[in-house]
Every structure is written in structure tokens, then in C-alpha cells.
Amino acid sequence: MARVSIRIPTPLRPFVDGRSSVDVEAETAHEALARLTESNERLRAQLVDDDGELRNFVNVYVGTSNLRDLPEDPVLEEGAELSIIPSIAGGRTSEMIEVTGGGAEAERAGLTTDELRRYSRHLLIPEVGVEGQERLKGARVLLVGAGGLGSPVALYLTAAGVGKIGIVDHDVVDFTNLQRQILHDTSSVGTSKLESARTRLHAINPDVDVETFETRLDSGNALEIMQGWEVVVDGSDNFPTRYLVNDAAVLLGIPTVYGAIFRFEGQVSVFGAEDGPCYRCLFREPPPAELAPSCADAGVFGVLPGIVGTIQATETIKLILGQGRPLTGRILLIDALQMQFRELSIHADPSCPVCGEDPTITELIDYEEFCGVNVDRGGSAEGVPEIEVTQLQRWLDEGRDFQLIDVREPYEWQICNLGSQGARLTPLGVFPTVVGELDPATPLVVYCRSGARSALAVEKLREAGFDAINLKGGILAWAEEVDESMPTY
Amino acid sequence: MSVPRTRLEIGSKICADLLASAAQGYPGEACGILLGRIEGDRRVVEGFRPAPNRWSERVDRYLVDPESLRRALAAEEEGGARVLGFYHSHPDAPPTPSETDRELAWPWYYYLIIRVATGKPEETRAWELDVDTGRFEERSIHYT
């Protein structure tokens with residue numbers, strides 16, 4: 001009987017209390033292995049099969065000789081050294097398997113090998129897993145708007161493997177969009193937002209089917225376009241569309257993931273889900289048009305739609321997976337400047353005109369009218385006299401006597417103005433106090449950025465007895481048609 | 001997770017040499033031993049040793065020469081470089097473990113798989129067997 005030492009490779013050390021070698025007393029190599037494993041069933045299972053034969057992925061060396069190569073079980077001398085050497089082997093031809101969470105389950109779900117790899121980090125999460133990923137693959141999500149909110153939503157839903165994504169938009173990419181609309185890039189300025197989106201999304205995930213609707217969503221087409229989608233994500237930037245999306249989604253029984261942004265503040269909620277409120281439960285009527293500025297009028301902090309949009313994408317994916325607690329019956333209020341997230345509880349209103357017990361809105365209405373917005377966006381209020389920029393230039397050239405009033409904010413004036421043409425800055429907010437200083441005997445030409453705010457001012461001025469005219473298209477039109485060197489925003 | 005998550009670090013020069021070596025076996029499978037040190041949750045590759053592929057019957061299998069591994073493990077015992085794991089190539093196949101790889105896998109060691117496409121190394125990924133599930137888990141590779 002000899003006392004021999006058996007070297008243990010690192011992977012097997014957990015079975016022998018972490019030791020790198022174990023001493024046993026034995027006459028032969030096989031006996032030494034039997035001693036090593038006799039009271040250690042787990043180690044035994046690693047080294048030998050049910051018949052007691054050394055497993056084929058294990059080699060045992062006696063000194064420098066492989067036990068497999070020796071004709072018989074060698075007799076050991078005192079102090080002999082045995083080494084357990086892993087046999088490292090493999091090959092590529094059998095069907096490739098995948099990582100934890102994949103395997104047979106994945107086959108059942110019909111995910112391809114490429115998809116298993118692409119979504120492996122999702123498959124590892126119990127709340128997603130193969131089943132959830134398959135749900136995402138089978139999901140159909142409609143995005144209203146491919147702008148600030150639609151950008152992160154589209155990017156993340158595409159990356160997450162939502163099978164079909166529809167996008168409704170009718171705009172072209174503008175330079176002023178690039179500060180926040182990360183779907184689009186500099187090279188796509190002037191091209192269709194939908195084409196830009198399609199190219200970008202395809203580059204991220206060519207498996208996702210992107211369907212585009214190059215139109216403005218309106219009462220005439222909304223039901224047809226929105227029909228058949230599992231979730232609608234509202235990334236619109238105006239109240240008429242917001243009410244339209246809400247009403248159509250309620251009529252079709254589709255939940256809406258709502259998001260809205262204003263400068264540094266954002267809102268997110270899930271409307272129209274089972275037993276949950278809709279947008280109208282919360283906001284029965286829109287604010288007056290003059291208190292509902294767009295991004296173009298009010299400005300927006302570029303990162304904010306990223307925050308709000310990614311939360312919308314999160315809620316969308318949760319709805320598809322049926323996991324977690326959606327923002328149903330809750331509205332999340334985000335203040336990026338203070339970096340505060342607040343939450344308000346909201347309830348379905350039994351008297352809601354669209355989702356209540358006795359709805360009065362059973363078909364889509366005229367939402368522009370409902371919101372008090374002029375159909376001609378970027379133009380001016382109805383019935384207000386207008387002057388074209390080219391005509392204004394003629395008046396200036398002729399030396400005609402009139403007052404030129406800029407009703408924008410001072411920061412806008414800093415970007416561009418008609419000060420060299422004699423314009424005077426009178427922001428809308430200070431209008432009432434300054435109006436007394438204006439000469440009622442001299443005609444007024446009033447302008448803003450695009451003509452909407454100045455139309456309101458003209459309306460008020462005319463009521464007060466002034467001979468006021470609105471500059472059609474605002475300073476943007478001037479920059480486009482008269483002074484191309486003027487910076488715009 | 002039953003397997004503590006560690007990561008593999010490899011210098012770009014060593015990695016480039018390793019990939020070139022792995023590609024040499026094309027269209028057969030090349031294999032070898034990863035050597036280095038362990039620092040906390042990091043496994044730092046400091047070198048590698050190509051090993052003869054002893055699975056001579058088939059071009060799509062590999063078996064790390066047992067004698068090469070014995071010597072590497074003996075050197076480790078003497079205070080030499082640690083055997084951190086192994087690498088092998090998947091000629092014209094994804095660098096994900098095959099069923100054969102899984103059946104023959106050892107726990108603890110890292111398995112670096114290199115996709116070699118028409119003779120050129122393309123993609124490298126690292127895997128470790130989870131003994132509890134019998135499945136491979138991917139490990140991150142940090143190139144230093």
C-alpha cells in the first residue's frame with residue numbers, strides 16, 4: 001500500500017474543499033481513484049460513469065503517462081503523483097445550441113438562431129424570456145408621429161424586436177428637428193421623416209416590419225389607420241391630434257401610451273386600458289389655442305422627449321408582455337429642470353363623453369374645430385387682414401408710414417429680427433401695458449415667428465380700434481422670401 | 001446566478017496573435033490553452049499555447065492534446081501561469097457553443113470560441129458552463 005498524491009484540477013476543487021491535491025493510500029491507480037471518490041458521490045459522478053469507467057472527458061496521468069495509454073492498471077510507488085487532467089474537446093457540426101434561457105424552449109417559440117442571439121439579454125430576464133420575446137415578435141404597435149417622442153419610441157421598440165411598427169407622419173425633416181428627433185440625421189434634412197425613419201430602423205433591426213402612413217391623421221382616416229394595432233403610442237405635438245388619437249383608440253378598444261412635452265416638463269400615462277381612464281377623463285376640453293403653444297412656438301429641451309419617449313417605449317413593452325404595473329390610472333409628471341418625477345392618480349370618469357357610461361361621442365368629430373385651432377397651421381386666425389412679406393418689403397421701400405411690431409419673446413428677437421426695418425419688440429405678454437403707447441392713427445404691421453401669435457395680437461388690436469395687419473408667415477416667411485441670410489429657428 | 005460572474009481580459013496584441021493562430025487551422029478546428037492570472041473577478045489572459053488537435057478522425061471536432069494540457073497544469077502547480085480556459089475555432093460557424101461543446105464542457109474554465117470565416121478570424125465570444133443548468137453562459141471580454 002503506497003501513499004500517493006492526486007492533483008485536482010481547478011473545476012473539481014469545489015468537490016474536495018478547495019484543495020489542489022488529495023493524498024490517498026492505494027496500490028494501483030484505479031484503486032487510488034476509487035479511494036478518492038468512495039465517500040464523495042458528486043466527485044465520483046464527475047470522473048466515472050455508471051459502470052465505473054473513467055469518463056471520456058477525463059484523463060488521469062500517472063506521472064507523465066496517460067492511464068488510457070497504459071496496458072494495465074499500474075502499481076503505484078510510495079509518493080507517486082496522479083493528475084486528473086480535463087479532456088477538452090468539442091466541435092461545431094451538431095446543431096448550435098444557445099445560452100441559458102434558450103435551448104429547447106426557444107425552438108418551440110420559433111425564434112431563429114440570430115434572434116436568440118440578438119435578444120439573448122431579454123431571454124435572460126424571467127419577465128421577458130422566450131415567451132415574452134415571442135410576444136414582442138408578434139406585436140403590432142402604431143406610432144403617431146415620428147418626431148421628438150416618436151424617435152426614441154421607434155428606436156427602442158425596433159431594437160426590442162416588436163414585430164411590426166406602423167408610423168403616421170406627414171412631415172419632412174427640418175434642421176430644427178435634429179436637436180431632439182434622433183431618428184433623423186443631418187443628411188436626411190429635407191427628406192420625408194418616414195423614409196428617414198424607415199432607413200434608420202432597418203439598420204437597427206432588419207427583421208422589424210415598418211409600415212408607414214404618409215398622411216396627417218384626421219377624422220376621415222384615423223379609424224382605418226388605427227384599426228388592428230395592439231397598442232397606439234401618441235407622439236403627437238398638438239391637441240387636435242391628441243383628442244383624435246384618444247377618441248379613435250377608445251372607439252377601437254386599443255390602449256394608448258400617451259406622452260406630452262413642454263419645454264422642461266413632460267407627462268406620460270396609459271389611456272384606454274381596461275377599466276382605466278382615457279385622455280378625456282383627465283382633460284375634458286383642450287386649453288384655449290393661445291395657451292397651447294407647440295414646440296416651434298414655445299421651444300423644448302432636446303433631451304426631454306428622450307426621457308418621455310423612453311418611458312412610453314417602456315410602457316408599451318410592458319403592455320405587450322403583460323408584465324409589471326402599467327401607468328394606467330396614473331399620470332407621471334416629469335420636471336427635467338428640477339429633475340422631479342411626480343405621480344398623480346387619475347380615475348375613469350363615468351360621465352366621460354367618450355369612454356363613460358353614456359358616451360356622447362360615438363364617432364370622430366372635427367378636432368380642429370373642437371380645439372379652436374385654425375386649420376391653416378402656421379397661418380393666422382380667421383378673418384384677420386394679412387400682408388405678404390413681399391408686399392411689406394415694397395411698403396418699406398416706398399417709405400410708407402406704418403408701425404412694425406414684433407410680438408415674440410426677447411430671446412427670439414435675439415436670434416433674428418426686423419429691427420433694421422424699424423420693428424419694435426412688444427412681446428404678447430406685455431401687450432396690454434404697451435398698447436397705450438401705440439399711435440392709433442398709424443397702421444400697424446404685426447409679426448411673430450410664423451404668424452399665429454401675431455394673428456391673435458392683430459385680433460385684439462383691431463378690437464381696440466387699431467388698423468392692424470398680420471404679417472403672413474411671420475419672420476420665417478421674410479427669411480425665406482426676402483432675406484435668405486437671416487438666421488431662423 | 002450559480003456561477004459567479006467574472007470577466008475575461010485580454011491584451012489586444014495577445015488577442016491578435018491568438019486569432020491568427022486559430023485561423024491557421026482552417027478549415028479544420030484549431031484549439032489551445034488560455035494562460036494568465038486571476039485577480040478578483042477578472043481573468044487576465046497573459047498568453048496562450050496552441051495545442052495539437054488530437055481529434056484526427058473528423059475535421060469538425062477538436063480535442064486539446066492531453067499532454068500539452070498536462071504540462072500546462074503541471075506548470076501551474078509549480079507556480080506558473082494559471083490555466084484560465086481554452087480556445088477553439090468554429091470554421092464558418094457562429095462562435096456559440098455547439099451541442100458537442102456543451103456535452104464535453106468542463107465547468108469553471110472559460111471557452112473562447114472564434115468564428116473563422118473563409119480563413120479569417122471574425123467574431124470571438126467567451127462562455128462558461130453553468131454546472132447547475134448544464135448550459136453555457138456568456139462572459140464579457142475586455143480588450144486591454
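Student: Which strand does strand 1 of chain B join through three bridges, running parallel?
Tutor: The model is a predicted one. Strand 1 of chain B covers residues 7-10. In this pairing B:Glu9 stands opposite B:His142. The partner, joined by three bridges and running parallel, is strand 9 of chain B.

Student: What is the strand order of the open sheet of eight strands in chain B?
Tutor: The pairing in this sheet is mixed. Strand 8 and strand 9 (141-143) of chain B are its edge strands, each pairing on one side only. From one strand to the next, the twist averages 35°. The order is 8-7-6-5-2-3-1-9.

Student: How many helices and how many strands are there in chain A?
Tutor: Chain A has 489 residues, and 41% of them count as buried. Among its contacts with a separation of 6 or more, 64% are between residues 24 or more positions apart. The counts for chain A are 19 helices and 19 strands.

Student: Which strands are the edge strands of the five-stranded open sheet in chain A?
Tutor: The order of this sheet is 2-1-5-3-4, with mixed pairing. An edge strand here pairs on one side only. The two that do so are strand 2 (21-26) and strand 4 (65-66) of chain A.

Student: Which element gives the largest share of the side of chain B that touches chain A?
Tutor: The contact takes 36 residues from chain B and 26 residues from chain A. Elements of chain B that give two or more residues are strand 4 (61-63), helix 2 (66-77), strand 5 (82-91), helix 3 (99-103) and strand 8 (135-139). By class, this side has 17 nonpolar, six polar and 13 charged residues. The largest share, five residues, comes from helix 2 of chain B.

Student: Which residue of strand 4 of chain B stands opposite A:Gly90?
Tutor: Strand 6 of chain A, residues 89-91, is joined to strand 4 of chain B by three bridges. The two strands run antiparallel. The residue opposite A:Gly90 is B:Tyr62.

Student: Why do helix 7 and helix 8 of chain A count as roughly parallel to each other?
Tutor: The axes of helix 7 (residues 150-160) and helix 8 (residues 193-204) of chain A come within 9 Å, and their crossing is right-handed. The contact is made by A:Ala154, A:Leu155, A:Thr158 and A:Ala159 of helix 7 and A:Ala197, A:Leu201 and A:Ile204 of helix 8; these residues divide into six nonpolar, one polar and no charged. Angles under 35 degrees count as roughly parallel. The two helices are therefore roughly parallel, as their axes cross at roughly 30°.

Conventions:
Residues numbered from 1 in each chain as written. Chains lettered and ligands numbered in written order. Predicted model: local features only at pLDDT ≥ 70, side-chain atom pairs only at ≥ 80, totals over all residues. Contact = placed C-beta atoms within 7 Å. Helix = DSSP H or I, 4+ residues; strand = E, 2+ residues; numbered from the N terminus. Nonpolar A, V, L, I, M, F, W, Y, C, P; charged D, E, K, R; others polar. Pairing = 2+ DSSP bridges. Axes fitted to C-alpha atoms, helices over the stretch in contact; angles between N-to-C directions. Parallel < 35°, antiparallel > 145°, perpendicular 65-115°, else oblique. Left-handed = near helix turned anticlockwise from the far one by under 90°. Buried ≥ 20, exposed ≤ 12 C-beta atoms within 10 Å, placed from the backbone.
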